[in-house]
Amino acid sequence: MIDKVIASCDEAVADIFDGAIIAFGGFVGTGYAVNLIEALHRKGTKNITAICTMAAAGLLPLHEAKQIRKMITSFPVFYRPENMPQVYNPFEEQLLAGEAEVEICPQGTMVMKMWMGGGGYPAFYTPVGVGTPIANGKEIRVFDGKEYVLEQSLRADFTLIKAWKADRWGNLIYRKGASNFNVAFSTAANVTIVEVDELVELGELDPSFVHTPGIYVDRIVVKEAKYPEVKLIWTEKELPSEVTHLPHVGKIEPVT
Amino acid sequence: MALTRELMAIKVSREELHDGITVNLGAGMPALVYNYLPPDIEVLLQAENGVLGYNGAPELDEIDRDVMNASGFYVTLLPGASFFPSHVSFHMITGGHVDVGILGGLQVSELGDLANWIVPERRFGSIGGAMNVAVGVKRLIVMMEHIDHAGRPKIVKECIYPLTAVGCVKRIYTDLAVIDVTIEGLVLRETAPGVTPEQVEARTEPKLIRAADLKEMEL
């Protein structure tokens, strides 16, 4: 019998070791495994190398406890005009203090590194980054008269992802725009741990609409909080009208 | 009169969004364009985080936490919209399936090089999906202020800031002018109302070629 369901988030992350490379799905305010990240925070794992599209947002608890030493990311910092709400980002302070480091990676290259890594391809050529600092020290090759840069694929020790529904085999579906990096990242880790809103019986998910087949999933936890919530990443300032619909502004969407 | 950000968004929307095309909007100023979609045409807005066919902002009581664009704005959906994961989204972008990309800029060179992700005085910058958009879309538009906060031209002979992509920009919309990047050089197409070509030229580092049909913008 195949049953990947784990009783608690704490149990699901119990073997994540100091120095682990961990990939985190999620983007801005959606698709983070919020409760698994909280469990990792409680566990206190140190010297994490995090693969995630952005600092702050869903990773805030780990930054605040200085658990992430290095990020492979496309958004390590957020510089915004002075009249705009500013992002609360302790990772930036840690970078400036030399306590943390970053490997900057274009977002599309980062997700492709994981998708390729998950499929067993060690590297790939991309037109992205040619003629920019991203290509420094990397092989450039010409195909049909156009330059491409060789990027090495990535794999992680663990991936923490968030899905909407799962069955005990680990088949997953994501809700609306919350699939983001979760699908690619789920394929490229030694251990893929998924937090889901709902566990359903085998056969309940329509096989035609499974987004991540269970083969990629090792552990499933049903979310523990009543309402998973990414902590606010903007400070409380008077908001210009154009940003009233940002998802992470507390005034508009109070934490419940 | 320099255009406000809103007027720039309206201008870009009117000029660049055509029936049937797919458009990717970058963060910052370009993100405002989604509030000014021309009526009566079907334009598909594509966002890196995995949505095609999104529409303007929802009412507060209609917000769905799982429906946003790449700027982190909550959005609504057109009938016919689709969701997909990020690696598929970047497959679309880098693979040339998106017609128009609209990005912000720190500097654009006369050869159409774009720098828009890091200011050297700051030790760190964020690239996001801009490099993929700059390289992948069929037509890349940059929307930016004509001069920076220190009064320096942002349209330069050669970018001093680290590049986002080489030779990618086709047209620049600023608060003062519309400028095309061509093989012959930068061509001044339009000036903002009340702004003279001489004023634009004085705020632009490389030489501008005045278009034969150079005109003042109609807003």
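B:Asn24 stands opposite B:Gln46 in strand 2 of chain B, and in strand 5 of chain B the bridge partner of B:Leu25 is B:Ile102. The model is a predicted one, in which local features need pLDDT of at least 70 and side-chain atom pairs count only at pLDDT 80 or more, while totals for chains, interfaces and linings use all residues. Residues are numbered from 1 along each chain as its sequence is written, and chains are lettered from A and ligands numbered from 1 in the order in which they are written.

Strands (E, at least two residues) and helices (H or I, at least four residues) are DSSP runs numbered from the N terminus, and two strands pair if DSSP finds at least two bridges between them.

| Strand of chain B | Partner in chain B | Sense and bridges |
|---|---|---|
| Strand 1 (residues 22-25) | Strand 2 (residues 44-47) | parallel, 3 bridges |
| Strand 1 | Strand 5 (residues 100-104) | parallel, 3 bridges |

Elsewhere in chain B, B:Lys138 lies in the loop between helix 3 (130-136) and strand 8 (139-143). B:Lys138 is partly exposed, because 13 other C-beta atoms lie within 10 Å, where buried requires 20 or more, exposed 12 or fewer, and partly exposed falls in between, with C-beta atoms placed from the backbone. Leaving aside neighbours within four places in sequence, B:Lys138 is in contact (C-beta atoms, placed from the backbone, within 7 Å) with B:Gly96 and B:Asp99.

In chain A, the buried residues of helix 2 (residues 34-43) include A:Leu36, A:Ile37 and A:Leu40. Just after helix 2 of chain A, A:Gly44 takes a positive phi of about 80 degrees.

Methods. Contact = placed C-beta atoms within 7 Å.
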